[in-house]
Amino acid sequence: MQSTFRYPDGSEYTGEWNSDGERHGFGQFSFSDQAKYRGQFEHGLFSGLGCITYPDGSKYDGELSQGRYNGLGVFIRCDGMKYEGQLQNGLICGLGLLTFADGSHGLPRNEGYFENNKLVRHEKCPDIIRKAIICAEKAKNQQPPQENRST
């Protein structure tokens, strides 16, 4: 079932719900601070592929689980700094590449294994970066399911 619900704080959800009244399936959530999420929900939380934009212009496109960045994705900060790679429990954690706003990657190149948002080991990881970019594109290109229509 798909419908819209406006919460007392001004946030709003439009999308699919499960029989328990939880956001579940594809939907769009607009926060009262103007942040927006578009993507998959599971039992009320962001889960699966999704896109988040923040009021300051920062954005994330990729995989989420339990309401947090989790899996592969691309995060672009409002100042233009970009991370492409693995994330875990809402943090940059795993293999990835950091690109500064000027397009450089730093010297030495900020590519490798990250823990708690910090590069801890330099390592080439082009396959993970490519997969993160593909995942982000899939998240951006998702379409809501079509309503079943009788012809």
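The side chain of Asn110 has a polar atom 2.8 Å from the backbone oxygen of His105, a polar contact in the sense of a pair of N or O atoms within 3.5 Å, where within protein one must be able to donate a hydrogen and the other to accept it, and residues adjacent in sequence count only if both atoms are side-chain atoms. The model is predicted, with local features requiring pLDDT of at least 70 and side-chain atom pairs pLDDT 80 or more, while totals for chains, interfaces and linings use all residues. Residues are numbered from 1 along each chain as its sequence is written, and side-chain values use heavy atoms, with hydrogens and water left out.

Asn110 is located in the loop between strand S9 (91-99) and S10; strands are DSSP runs (E, at least two residues) numbered from the N terminus. Asn110 counts as buried because its relative accessibility is 17%, buried meaning under 20% relative accessible area (1.4 Å probe, protein chains only). Beyond four places in sequence, Asn110 is in contact (heavy atoms within 4.5 Å) with Gly96, Leu97, Leu98, Phe100, His105 and Leu119.

Glu111 belongs to strand S10 (residues 111-115). With a relative accessibility of 6%, Glu111 is also classed as buried. A polar atom of the Glu111 side chain lies 2.7 Å from the backbone nitrogen of Cys125. Residues touched by Glu111, not counting those up to four places away in sequence, include Gly96, Leu97, Leu119, Arg121 and Cys125.

S10 runs antiparallel to strand S11 (residues 118-122), and 4 bridges join the two; strands pair if DSSP finds at least two bridges between them. Tyr113 has Arg121 of S11 as its bridge partner. The two strands form a hairpin with 2 residues between them, and Asn116 in the turn has a positive phi of about 50°.

Gly44 occupies the loop between strand S4 (36-42) and strand S5 (45-53). Gly44 counts as buried because its relative accessibility is 13%. Neighbours within four places in sequence aside, Gly44 is in contact with Glu22 and Arg23.

Key:
Buried < 20%, exposed > 50% of the residue type's maximum accessible area, 1.4 Å probe, protein only.
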